[in-house]
Amino acid sequence: MSRTLLLKNATVVATMDDEQREIADGAVFITDNRITAVGPTAELPTDADQVIDLSGHVLMPGLVNTHHHMFQSLTRALPAAQNAELFDWLSALFPVWGNITPEMMTVSAQTSMAELMLSGCTTAADHAYFYVNGSRLEDNLEAAHRLGMRYHGVRGAITLGHSQGGLPPDHVVERDEDAVLKEMQRVVETHHDRADDAMIRVALGPSSPFTVSPDLMRQSAVLARDLGVLMHTHTAENAKDLAFSQERYGMTPAQFAEETGWVGDDVWHAHCVHLDDHGIKLFGRTGTGVAHCPCSNMRLASGIAPIRKMLDHDVKVGLGVDGTASNDGNDLLGEARQAMLVARVRHEDPTAMSAREALWLATRGGARVLGRDDNIGRLAPGYCADLIAFDLNDIAYAGGQIDPLASLLFSAPRRVAYSIINGRTVVDQGRLTPIELPALVEQHNRLARQLVDG
């Protein structure tokens with residue numbers, strides 16, 4: 001039997017549809033896990049199994065996170081990595097991460113997902129590339145099932161140890177690349193859901209040119225396309241990343257991506273801070289996506305990605321919080337605010353990115369990058385019921401009622417009042433419903449201490 005939910009009287013409903021409609025005194029009607037009607041409250045049905053009055057709220061699509069490393073929440077603000085650029089940061093953390101257990105993977109994923117959901121994120125792509133001590137992608141899938149988040153698990157890998165010219169220590173890499181490919185195939189065949197309302201999807205993601213071999217890049221691309229799944233990696237993140245590609249492979253990161261088969265509408269790359277003009281045009285021409293992670297890029301002093309130029313060349317761009325040890329948070333609304341601000345700083349132009357453009361990247365842009373623009377990222381009949389609402393009565397938005405949607409970014413970001421994922425209310429009046437946060441935080445802190453203590 002179908003169950004209905006009516007969200008009514010919202011101050012504004014930001015649909016993020018093709019017309020970018022913003023509906024005053026708006027409402028959304030949901031049947032089971034699908035949106036069935038969007039419009040002014042007076043024009044929608046008045047009865048439903050559950051009715052939520054959103055007077056004084058902004059209602060919009062759930063935010064889409066296109067790049068994360070959830071396990072890293074165990075090592076936030078670690079002193080040895082607080083003031084380091086990317087390569088030194090990784091060198092400080094790889095040995096610590098070598099002590100991660102399956103329990104730590106699951107709990108850190110739960111913590112990351114909980115914080116993401118409270119910031120308005122309803123879909124997250126998690127680049128899980130670190131597998132030691134029996135850890136598997138299933139550890140993170142367990143967390144997604146528990147929390148009810150729409151989850152894209154990227155089965156990543158690091159295989160190029162220090163003795164072979166890579167960055168990671170030898171003892172933390174997966175040395176047998178044939179075994180890695182077999183495990184990638186197993187995870188896809190076991191867990192990837194091809195339905196358009198899928199809660200779990202799997203992508204393949206060798207971590208980076210300095211942590212895996214070119215052969216694994218090529219073979220994983222072939223495997224991904226044989227299996228019909230997406231591909232994800234890191235590209236052109238900082239100056240040392242550029243130097244490594246030039247010195248080891250004699251080409252730029254974009255040229256390396258093209259040479260190994262890592263361009264196309266089934267591929268997205270994280271960061272791309274130093275993507276050159278050739279790379280930007282290549283990505284735009286081939287439909288290759290980019291996950292923009294402004295907080296992490298600033299935290300590691302990597303630079304500011306040329307997002308305005310990418311958008312002008314029709315590159316698909318979404319937002320990502322990146323690792324919780326390089327951000328060091330899981331706030332996707334805050335990431336959208338940073339994307340707006342750093343674009344203005346890079347170009348010294350206040351029109352370089354508007355609040356609405358940044359929110360578009362956080363919703364429609366992310367959905368497009370993850371190949372889901374036909375079922376998430378907007379409020380329209382037939383789309384998955386992933387919605388979030390922010391309470392405008394919060395002091396952070398006082399004085400911003402003339403344009404409440406823009407106020408979400410120009411003001412200090414706050415937690416969502418409501419979050420609905422796949423038709424299920426997971427944040428109710430600011431409270432996360434699937435899990436008790438105090439118990440989770442206590443468990444997470446205990447495991448983080450165990451990890452760091454070795």
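This is a predicted model: local features need pLDDT of at least 70, side-chain atom pairs count only at pLDDT 80 or more; totals for chains, interfaces and linings use all residues.
Residues are numbered from 1 along each chain as its sequence is written, and side-chain values use heavy atoms, with hydrogens and water left out.

Next I looked up burial, and 63% of the 454 residues count as buried (under 20% relative accessible area, 1.4 Å probe, protein chains only).

Then I turned to the secondary structure and found 14 helices and 19 strands (DSSP runs: H or I of at least four residues, E of at least two). The radius of gyration is 21 Å, close to the 22 Å from the globule rule, so the chain is as compact as a globular protein of that length (C-alpha atoms; the rule is 2.2 Å times the number of residues to the power 0.38).

On to the inside. I found that the largest nonpolar core has 124 residues, with Trp89, Trp97 and Met113 having the most contacts inside it (a core joins buried Ala, Val, Leu, Ile, Met, Phe, Trp, Tyr and Cys through side-chain atoms within 4.5 Å). Helix 2, residues 102-118, gives this core its largest share, nine residues. Another core lies apart from it, with 21 residues that include Val13 and Ile420.

Last, I checked Trp89: beyond its neighbours within four places in sequence, its contacts include Trp97, Arg299 and Leu300 (heavy atoms within 4.5 Å).

Technical notes
Buried means under 20% relative accessible area, exposed over 50%, partly exposed in between (1.4 Å probe, protein chains only).
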